[in-house]
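Reader: I would like a close look at one part of this model, with its surroundings described in one connected account.

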Amino acid sequence: MSLEANKEKFEQLKAMVARLKNEKGALMPIMQQAQDIYGYLPEDVQQYIAKELDIPVGDVYGVATFYAQFNLEKKGDYIISLCMGTACYVKGSQKIHEEIEKTLGVGAGKTTEDGKFTFNPTRCLGACGLAPVMMINDEVYGRLTPEDIPGIIAKYR
């Protein structure tokens, strides 16, 4: 991606960095707002932030990879979170996991080529009574079977 490819986003990034760069502890707020602008932190955005703050790009990358809130890859329109916690695992979430990968054609942590879906297995969704459970954005699906998955995903295509 080239920063200049989307002039509007780049202008937002430039203005925001210029506004915040001289504040103490500016790196985290700048990275958070850059991710809000772009939806993730592509390499060229990290390089721009490093250059503007006069720090090594490795420092920006280090923060981006340390904190779970930051994404280095573009996320899909629909985030599929599948619980892999104990209750869900015992009730078959591994088979659900395999069916989601098969239906989407991508592995865990990846986004489909069309940019529609990102598959993020997670440790717990806090809905053990619905095990196995997954969420697509804010919609909860519980007591799943592998056979449910193609139909549920089809609703979002």
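Which residues have the most contacts inside the largest nonpolar core, and how many residues does that core have? Please go on from there to helix α3 and what it packs against.

Author: The model is predicted. Its largest nonpolar core has 23 residues, and those with the most contacts inside it are Leu13, Met16, Ile30, Met31, Val45 and Ile49. The elements giving two or more residues to this core are α1, α2, α3 and α4. The largest share, six residues, comes from α2. There is also a second, separate core of 17 residues, which includes Met84, Ile100, Leu104 and Phe119.

Helix α3 spans residues 43–53, and its buried residues are Asp44, Val45, Gln46, Tyr48, Ile49, Ala50 and Leu53. These buried residues pack against α1 (7–20), α2 (27–38) and α4 (57–66). Two of the buried residues of α3, Val45 and Ile49, are also among the residues with the most contacts inside the largest core. Val45 and Ile49 are four places apart, and the general rule for spacing applies here. An α-helix has 3.6 residues a turn, so residues three or four places apart point the same way.

The packing of α2 on α3 can be described in detail. The two helices pack at an angle of about 145 degrees, with their axes 11 Å apart, and α2 passes α3 in a right-handed crossing. On the α2 side the contact is made by Leu27, Ile30, Met31, Ala34 and Tyr38, and on the α3 side by Val45, Ile49 and Leu53. By class, the residues of this contact are eight nonpolar, no polar and no charged. Ile30 and Met31 of α2 take part in this contact, and both are listed among the residues with the most contacts inside the largest core.

Glutamine 35 is placed in helix α2 and counts as buried because its relative accessibility is 13%, below the 20% limit. Leaving aside neighbours within four places in sequence, glutamine 35 is in contact with Tyr40, Leu41, Gln69, Phe70 and Asn71. Glutamine 32 is also placed in helix α2, but at 31% relative accessibility it counts as partly exposed. With neighbours within four places again left aside, glutamine 32 is in contact with Gln69 and Phe70. The C-alpha atoms of glutamine 32 and leucine 53, which are 21 residues apart along the chain, are separated by 15 Å.

Charged side chains of α3 come next. A search of the whole structure finds five salt bridges. One of them joins lysine 21 and glutamate 52, with the closest N and O atoms 3.3 Å apart. Lysine 21 lies in the loop between α1 and α2 and glutamate 52 in helix α3, so this pair ties together parts that are 31 residues apart in sequence. Both partners count as partly exposed, lysine 21 at 30% relative accessibility and glutamate 52 at 23%. Glutamate 52 also forms a salt bridge with lysine 51, where the closest N and O atoms are 3.4 Å apart. Lysine 51 is exposed, with a relative accessible area of 59%.

Another salt bridge, with 4.0 Å from N to O, is formed by the side chains of lysine 102 and glutamate 99. Both residues lie in helix α6 (residues 93–104), three residues apart, about one turn of the helix. Lysine 102 is exposed, with a relative accessible area of 63%, whereas glutamate 99 counts as buried at 15% relative accessibility.

The end of α3 has a backbone feature. The helix is followed by aspartate 54, whose phi is positive, near 55 degrees. Aspartate 54 is found in the loop between α3 and α4 and is exposed, with a relative accessible area of 70%. Most residues other than glycine have a negative phi, and most peptide bonds are trans. Asparagine 137 also has a positive phi, about 55 degrees, although it is not a glycine. Asparagine 137 is found in the loop between β3 and β4 (139–141) and is partly exposed, with a relative accessible area of 34%. A cis peptide bond joins alanine 131 and proline 132, with omega about -10 degrees. Proline 132 lies in the loop between β2 (117–122) and β3 (134–136).

Definitions and conventions: Residues are numbered from 1 along each chain as its sequence is written. This is a predicted model: local features need pLDDT of at least 70, side-chain atom pairs count only at pLDDT 80 or more; totals for chains, interfaces and linings use all residues. Side-chain values use heavy atoms; hydrogens and water are left out. Buried means under 20% relative accessible area, exposed over 50%, partly exposed in between (1.4 Å probe, protein chains only). Contact means heavy atoms within 4.5 Å. Axes are lines fitted to C-alpha atoms, for helices over the stretch in contact, and angles run from 0 to 180 degrees between N-to-C directions. A crossing is left-handed if the near helix is turned anticlockwise from the far one by less than a right angle, and right-handed if clockwise. Ala, Val, Leu, Ile, Met, Phe, Trp, Tyr, Cys and Pro count as nonpolar, Asp, Glu, Lys and Arg as charged, and the others, Gly among them, as polar. A nonpolar core is a set of buried Ala, Val, Leu, Ile, Met, Phe, Trp, Tyr and Cys residues joined through side-chain atoms within 4.5 Å.
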